[in-house]
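The sequence and structure come first.

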Amino acid sequence: MPANPQSTAKIGNHPLHPMLIPFPVAFLVGAFVSDLGFLSTGDGFWARASMWLIGAAIVMALLAALAGFADFFSEPRIRALSDAWYHMIGNLTAVVIALVNFALRYSQDAEPAIRPWGAVLSFVVVGILLFTGWKGWEMVYRHRVAVLDAPEQAAAGTTDTRPRSPGRRSAA
């Protein structure tokens with residue numbers, strides 16, 4: 001068994017989930033920025049751009065979620081991390097709010113839906129993404145999820161990859 005929790009959804013040794021998540025994050029942040037553009041200029045272009053950015057974000061978030069679910073449900077060490085649960089539940093919440101936001105804009109027309117609820121929902125989603133992004137990076141940097149094992153790490157069965165000085169002993 002590898003020392004680090006491994007990704008199941010991957011191409012070669014490259015996990016799919018981190019390759020896909022920049023898209024919905026960028027689209028949802030872009031939607032909030034477009035909402036601000038509409039609120040400051042009144043130009044309908046920004047309202048329509050926001051609506052379609054949210055729609056594109058939902059599609060890409062669902063693809064990223066499929067890869068994330070594959071990793072989460074196939075690796076018990078990932079499921080054991082509270083950061084993984086916060087990351088997953090927070091992102092699902094953000095996508096549900098984005099769905100509501102998209103439906104609101106699509107059903108009412110993009111422009112009237114932004115004042116005030118569309119912009120507020122976009123702001124809330126960006127806040128959630130800041131939190132879930134933090135938790136995602138905690139999984140990578142603190143818990144080493146989907147980080148390839150170093151050869152000496154795999155041989156020793158440890159997740160401690162700090163350089164060893166000759167006089168330093170590891171705690172066993």
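S82 is placed in helix α5. The model is a predicted one. With a relative accessibility of 47%, S82 counts as partly exposed, because that class covers values between 20% and 50%. S82 and K135 are 53 residues apart in sequence, while their C-alpha atoms are 9.1 Å apart in space.

## Overall make-up

The chain has 7 helices and 2 strands. Along the sequence the order of elements is β-β-α-α-α-α-α-α-α. Of the 172 residues in the chain, 38% are buried.

Counting contacts between residues at least 6 apart in sequence, 72% join residues at least 24 apart. The chain exposes about 10100 Å², and carbon and sulfur atoms supply 70% of that area.

## Helix α5

Helix α5 has 27 residues, and from its first C-alpha to its last it reaches 39 Å, close to the 39 Å expected at 1.5 Å a residue. Its buried residues include D83, A84, H87, M88 and G90 towards one end of the list, and A94, V95, I97, A98, N101, F102 and R105 as well. The buried residues of α5 pack against α1 (17-20), α2, α3, α4 (76-79) and α6.

## Salt bridges

How many salt bridges does the structure hold? There are 2. One is formed by D35 and R105, whose closest N and O atoms are 2.7 Å apart. D35 lies in helix α2 and R105 in helix α5, so this pair ties together parts that are 70 residues apart in sequence. Both D35 and R105 are buried.

The side chains of K135 and D83 also meet in a salt bridge, with an N to O distance of 3.0 Å. Here K135 lies in helix α6 and D83 in helix α5, so the pair ties together parts 52 residues apart in sequence. K135 counts as buried at 15% relative accessibility, and D83 counts as buried at 7%. Both values fall in the buried class because the cut-off is under 20% relative accessible area.

## S122 in helix α6

S122 is placed in helix α6. Is S122 buried or exposed? It is buried, with a relative accessible area of 3%. Leaving aside neighbours within four places in sequence, S122 is in contact with F32, D35, I54, N101 and R105. Two of these contacts, D35 and R105, are the partners of a salt bridge.

## Aromatic pairs

The structure holds 9 aromatic pairs. In one of them, the rings of F72 and W85 have their centres 4.8 Å apart and their planes at 85 degrees, so the pair is edge-to-face. F72 is in helix α3 (residues 44-74) and W85 in helix α5, 13 residues apart, and the pair links distant parts of the chain. F72 is buried, with a relative accessible area of 4%, whereas W85 is partly exposed at 38%.

Y86 and F131 form another edge-to-face pair, so assigned because their planes stand at 75 degrees, with ring centres 6.1 Å apart. Y86 in helix α5 and F131 in helix α6 are 45 residues apart, and this pair too links distant parts of the chain. Y86 counts as partly exposed at 47% relative accessibility, and F131 is partly exposed with a relative accessible area of 41%. Ring pairs also link F69, F72, F73 and W85 into a cluster.

## Backbone between α5 and α6

Most residues other than glycine have a negative phi, and most peptide bonds are trans. D109 has a positive phi of about 85 degrees although it is not a glycine. D109 lies in the loop between α5 (82-108) and α6.

The peptide bond from R115 to P116 is cis, with omega near -15 degrees. P116 is found in helix α6 (residues 110-141).

## A nonpolar surface patch

I21, V25, V29 and V33 make a nonpolar surface patch of about 270 Å². Of these, V33 is placed in helix α2 (residues 22-41).

Note on methods
Residues are numbered from 1 along each chain as its sequence is written. This is a predicted model: local features need pLDDT of at least 70, side-chain atom pairs count only at pLDDT 80 or more; totals for chains, interfaces and linings use all residues. Side-chain values use heavy atoms; hydrogens and water are left out. Patches are made of residues with over 30% relative accessible area and no salt bridge: like charges are joined within 9 Å, nonpolar side chains (Val, Leu, Ile, Met, Phe, Trp, Tyr) within 5 Å. Accessible areas come from the Shrake-Rupley method with a 1.4 Å probe; for residues, only the protein chains shown count as cover. A salt bridge is a side-chain nitrogen of Lys or Arg within 4 Å of a carboxyl oxygen of Asp or Glu. Helices (H or I, at least four residues) and strands (E, at least two) are DSSP runs, numbered from the N terminus. Buried means under 20% relative accessible area, exposed over 50%, partly exposed in between (1.4 Å probe, protein chains only). Contact means heavy atoms within 4.5 Å. Rings of Phe, Tyr and Trp (its six-membered ring) pair if their centres lie within 6.5 Å; planes under 30 degrees apart count as stacked, over 60 as edge-to-face and the rest as tilted. The expected span of a helix is 1.5 Å times one less than its number of residues.
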